[in-house]
Amino acid sequence: MDIELVEISDFLAEYHPFDLLPEEVLRTLPASMQASYARRGMVILEPETDCAFLHVVRSGAVEAHSREGHLLARLGEGEAFGSQALIGDGKAINRITAIEDTLLYLLPKPQFDRLRRDFPQFSYFFAPPGAERLRGAHAHGRTADEQLKLMAQRLGDLMERAEPVVIGLDDSIQAAAARMRDENVSCLPVCDSDRLVGIITDRDLRNRVVAGGVDYATPVRRMMTSDPVTLDADDLAFDALMTMSRRNISHLPIMSGGRLAGVITNTNLVRRQTLSAVYMVGDIHQRTTFDGLAGVVSQIPHLLVYLVDAGATAHNIGHIITSIADAATQRLLKLAEEELGPPPVPYAWMASGSQARHEQTGVSDQDNCLILDDSFDAAAHGDYFTSLARYVNDGLHACGYVYCPGDMMASTPKWRQPLAQWRRYFSKWIDQPEPKALMLSCIFFDMRPVWGEKALFTDLQGLILDKAQKNQLFLSHMVANALTHSPPIGFFRGFVLIRGGEHDNEFDLKHAGVVPVVDIARINALEEGLRAVNTHDRLNAERRKGSLSTSGARDLLESYEFIAITRLRHQAEQIRNGEKPNNFMDPNALSRFERDHLRDAFQVVKTIQSSMANAYHVTM
Amino acid sequence: MMGFFRTWDVRREWLARKAPEGGVRTFYRTPYPWPEDDYREIEYVAVDLETTGLNSVEHEIISIGWVLIRDQRLDFSVMGHQLVRPFGELTEESAVIHRITHDELVAAPPLRDGLERLLPVLAGRVMVAHHARIEWRFLNAACRKVYRLPFEVPTVDTLLLEKRLLRARDQEITKGALRLDAVRQAYNLPRYRAHNALVDAIACGELFIAQAQHRCGAKGRPLRELTI
């Protein structure tokens, strides 16, 4: 029968692994499903009894107990059980009991088997190691996988409507309410011709209009919230969650290229946010002292171990760990502004290096700088920003983000300058490249604003990309610099290990593994004028632009992920053993498979390095 | 009791003889479920109608939604959603309420086709609806118009079940408390955003299996305790 049950397919689409299925499959899936109900306390599956369905919790919650009576997991909305029975002999393994009144959607075994056969990503989710992983994650609440995936998703991809539903400034309150009803939305962005000027929510209608006894003919402009907080379609769902919880708002207009692209509400995000990283960020924004902040940040090693165990990718882990550094930075700036008063001129607090790239792996050194508005007057405003930078750098140091050994920090006067000066710096670096200066300033080619007036950076980045693209000499200097780090692999594909010293017979996964890829991605991004800063994003953008071939980009991305996750696993292992994490690894600690794979990954990086050397006539 | 139901079966046989060939004859030829049977072993069809108004004499059916319930599970592989073209003029407001456009209705098949799809599904099964009196009245009027026969089917009314339950608990019934959405909430059933005849039939079917379980637990009870 060709009927679509949008309610059910929309529900499934929100949850892993159903979100991995193509849309047309999801659309027709409900017509093969069933629904059942279990009252609180009812046993849904008993060990050794027949189980013919994959059960998905639609509302309510269930508990899974082992045959011995141990609590294995508590499953809520969107989570599934019964897969082990379906993959095995059709007999349930655990006892499943409803702990709330529960509505279940049931996917019959033949359809489940077909999906597993046709969609490897769906099948992988239910494969035994996956199940093992999930059970581990369940001990912490909900499935970590689903949340990690969500957090690294672009807001633009979460938009439910092709066109946002909006209302005009001069429309009446009543018209707004009617539109909300007709379109089944809980808020409306208010637009003046094409420009977003405000937002009106169902809460406003209740609190401001009905409770205030306001005339329903009143224009929307008088009841709306003006200039609402917005995020960009390229921002992550994780950013949206944090913005909402920090500002206690439930609706965020999302912009794309300066135009309104849609609205994200907390209902479609919040129910999936239970992961500790989100709590840590929320916690950071509650703290008022350095000690308090340090207490939260000191949890990062545990978070790292947890994320590695949960099977998160290095890419995801980088984003999550960095979001904590971002939150600490933002909190410190807020506290500094509270103490020092509002800034006399606009500024942008810039993260550089791995924080800018969203690639922090643990608590690392701090790298940052300040771009001040050109209206900055050293005599009048100098003290303010000296104090601000000092406060934040000290605070970060207290949190464990120790002072940068090269003083690449906002408290260094040289790196706390008006925009015009930054333009001169970059012009000099690019137009008159000197190897030594470039090696030091390289870190500033990865920059990201974390607080303040982002437009200051947008301007600067425009100049950098424009100049870099045209300057072959600059690019070849960058290439020469990049080639100083190369994968630890010899002529005959053997590992080249460090000889002597503290790390005898080990290799450096950071400088010999991760850094070369980061460098390749940066140079290509500068060459192509790409604004992306994250290595993963840069490589993807380069693939789309064609500066890297599709297969080359894919190989490089896979190699990069493998090297990076190997490094993170190594660090997680050290943390678990109570050691201080580092980047040095003994190849014998790897399995044969991992060793071969790592060797292949290094080989890919090395090949791309040599082709880059050729293109820029640089000798390796 | 037995005699009463025997009468119904006799009457059904008689209606079957009078019925024209097609869905309606299939429907009346198939025996009704036995009222003493365990309710869990019986099959049900949850039905919802959208109409141009509330009066079955003046107003007409514009869409029918249904879903099968078997083993106390809704089976979405046996469900249907059929728009039907009304005879009379369409009023503005009814189309607005149901979000069915005028053009969709003009293109829809006549009422007869709708009944021909629904009735064979209902054969030998119990109809479930929320405030079932409305569904019955409209289907009865429709069957009389199309086949010149009455519509007779064993029925479970989820609204009535809820009312009985609240009365048994001596709970006061507040205004709006018996609306489908409100009752569903009491059973921790999700809120559906969309409303059309099929979604509402599913909503009603889910409510029925929830009510049955709350009322009877895992035990078997005779069907007659649940029907009107």
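Trainee: Let's start with A:Asp431: is it buried, partly exposed or exposed?
Mentor: Keep in mind that this is a predicted model. The relative accessible area of A:Asp431 is 37%. Buried would need under 20% and exposed over 50%, so A:Asp431 is partly exposed.

Trainee: Which residue forms a salt bridge with A:Asp431?
Mentor: Look for the partner whose N atom comes to 3.0 Å from an O atom of A:Asp431. That partner lies in helix H21 of chain A while A:Asp431 lies in helix H19 of chain A, so the pair ties together parts 36 residues apart in sequence.

Trainee: Which strands of chain A does helix H21 lie across?
Mentor: Helix H21 covers residues 454–470 of chain A. Its direction makes an angle of about 160 degrees with S19(A). The strands of chain A that helix H21 lies across are S16, S17 and S19.

Trainee: And helix H19, at what angle does it run to S18(A)?
Mentor: Helix H19 spans residues 419–431 of chain A. It lies across strands S17 (368–372), S18 and S19 of chain A. Relative to S18(A), helix H19 runs at about 100 degrees.

Trainee: Those strands keep coming up. In what order do the 4 strands form the open sheet?
Mentor: Start from the edges, where each strand pairs on one side only: these are S18 (416–418) and S19 (447–452) of chain A. Neighbouring strands in this sheet are turned by 30 degrees against each other on average, direction ignored. The pairing is mixed, and the order in chain A is S18-S17-S16-S19.

Trainee: How many bridges join strand S16 to S19(A)?
Mentor: Strand S16 takes in residues 347–352 of chain A, and it runs antiparallel to S19(A). Along this pair, A:Trp349 stands opposite A:Trp451 in S19(A). The number of bridges joining S16 to S19(A) is 5.

Trainee: Which residue does A:Arg448 form a salt bridge with?
Mentor: Here the closest N and O atoms are 3.0 Å apart. A:Arg448 sits in strand S19 of chain A, and its partner is 122 residues apart from it, in helix H16 (residues 314–340) of chain A. The partner is A:Asp326.

Trainee: What about A:Glu48, which side chain does it meet in a salt bridge?
Mentor: A:Glu48 is partly exposed, at 47% relative accessibility. The N to O distance of the salt bridge is 3.2 Å. The side chain that meets A:Glu48 is that of A:Arg67.

Trainee: How many salt bridges does a search of the whole structure find?
Mentor: We've talked through a few pairs, including A:Glu48 with A:Arg67. The search runs over all chains, and the count is 34.

Trainee: Zooming out, what is the radius of gyration of chain A?
Mentor: Chain A has 26 helices and 21 strands. For 620 residues the globule rule gives 25 Å, and chain A comes close to that, so it is as compact as a globular protein of that length. The radius of gyration is 27 Å.

Trainee: Last one: what share of the residues of chain A count as buried?
Mentor: Chain A exposes about 27,100 Å², with carbon and sulfur atoms supplying 49% of it. Buried means under 20% relative accessible area. Of the 620 residues of chain A, the buried share is 55%.

Conventions: Residues are numbered from 1 along each chain as its sequence is written. Chains are lettered from A and ligands numbered from 1 in the order in which they are written. This is a predicted model: local features need pLDDT of at least 70, side-chain atom pairs count only at pLDDT 80 or more; totals for chains, interfaces and linings use all residues. Side-chain values use heavy atoms; hydrogens and water are left out. Two strands pair if DSSP finds at least two bridges between them. Helices (H or I, at least four residues) and strands (E, at least two) are DSSP runs, numbered from the N terminus. Axes are lines fitted to C-alpha atoms, for helices over the stretch in contact, and angles run from 0 to 180 degrees between N-to-C directions. Contact means heavy atoms within 4.5 Å. A salt bridge is a side-chain nitrogen of Lys or Arg within 4 Å of a carboxyl oxygen of Asp or Glu. Buried means under 20% relative accessible area, exposed over 50%, partly exposed in between (1.4 Å probe, protein chains only). The radius of gyration is taken over C-alpha atoms; the globule rule is 2.2 Å times the number of residues to the power 0.38. Accessible areas come from the Shrake-Rupley method with a 1.4 Å probe; for residues, only the protein chains shown count as cover.
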